[in-house]
Amino acid sequence: MNETMVCAVGNVATQPVYRELANGASARFRLAVTARYWDREKSAWTDGHTNFFTVWANRALATNVGASLSVGDPVIVQGRLKVRTEVREGQSWTSADIDAVAIGHDLSRGTSAFRRPNKEGDTTASPRPEPSWETEPESRSLEASQQQPEPAGVT
């Protein structure tokens, strides 16, 4: 099947609306995508036109959107683009929706902390201690550098 897949980078423009439906969870929000360009006359970046998309998320993605996103968050949305045209009160309206496959915070503009959702009744997952990513103190790293590496076995 031919589908138009897009990747849009922008900001959450409206508070996500989360609903439990008969066929599963659903969430939607508006995404504002503003083009930026370098204005040579002003020697500065300038905002261009802003496009708005309605982003739809379903099932587990909808649940995570409802718990993770708020207005103003910078996000990246990947999904299927659907453009619709309809007539309302004699006027023609065009809307662009994105049926999201993946949504995430834009880490080029901030930080985020990922957490896996807890599954109902899942007691097997125990919290793991945070690994130490800090460099070792001078005395320990000096000792480690003086140790001879073991020879690798050759077959």
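This tour goes from paired strands to salt bridges and then to a pocket, saying at each stop what to select.

Keep in mind that this is a predicted model, in which local features need pLDDT of at least 70 and side-chain atom pairs count only at pLDDT 80 or more, while totals for chains, interfaces and linings use all residues. Residues are numbered from 1 along each chain as its sequence is written, and side-chain values use heavy atoms, with hydrogens and water left out.

**Stop 1: the strands**

Select residues 5–12 and residues 74–88, which are strand β1 and strand β5, and you will see an antiparallel pairing over 7 bridges. The names come from DSSP runs numbered from the N terminus, where a strand is a run of E with at least two residues and a helix is a run of H or I with at least four; two strands pair if DSSP finds at least two bridges between them. To find one of these contacts, pick Asn11 and look across to Pro74, its bridge partner in β5.

**Stop 2: salt bridges on the strands**

The structure holds 8 salt bridges, a salt bridge being a side-chain nitrogen of Lys or Arg within 4 Å of a carboxyl oxygen of Asp or Glu. Show the side chains of Glu3 and Arg80, which meet in such a bridge at 3.9 Å, N to O. This pair links distant parts of the chain, since Glu3 is in the segment before β1 and Arg80 is in strand β5, 77 residues apart.

Are these side chains buried or exposed, or in between? Glu3 counts as partly exposed because its relative accessibility is 41%, and Arg80 counts as partly exposed at 23%; buried means under 20% relative accessible area, exposed means over 50%, and partly exposed lies in between, using a 1.4 Å probe and protein chains only.

Next select Lys82 and Asp99, whose side chains meet in a salt bridge of 4.0 Å, N to O. Lys82 lies in strand β5 and Asp99 in strand β6, 17 residues apart. Lys82 is partly exposed at 43%, whereas Asp99 is buried at 16%. If you display Glu3, Arg80, Lys82 and Asp99 together, you have a network linked by salt bridges.

Then move to Asp97 and Arg84, a salt bridge of 2.9 Å, N to O. Asp97 is in strand β6 and Arg84 in strand β5, so the pair ties together parts that are 13 residues apart in sequence. Asp97 is buried at 8%, and Arg84 is partly exposed at 40%.

**Stop 3: the largest pocket**

Finally, select Asn64, Ser68, His105, Phe114 and Arg115, which lie nearest the centre of the largest pocket, among the 15 residues that line this pocket. Its volume is about 470 Å³. On a 1 Å grid over the protein atoms alone, a pocket is an open set of points where a 1.4 Å probe fits, with protein on both sides within 12 Å along at least five of seven lines, and lining residues have an atom within 4 Å of a point; the volume is the space filled by probe spheres set on the points, which are joined across faces, edges and corners.

Colour residues 59–68, helix α1, and you will have the element that gives the most to the lining, with 6 residues. The lining divides into 8 nonpolar, 6 polar and 1 charged, where Ala, Val, Leu, Ile, Met, Phe, Trp, Tyr, Cys and Pro count as nonpolar, Asp, Glu, Lys and Arg as charged, and the others, Gly among them, as polar.
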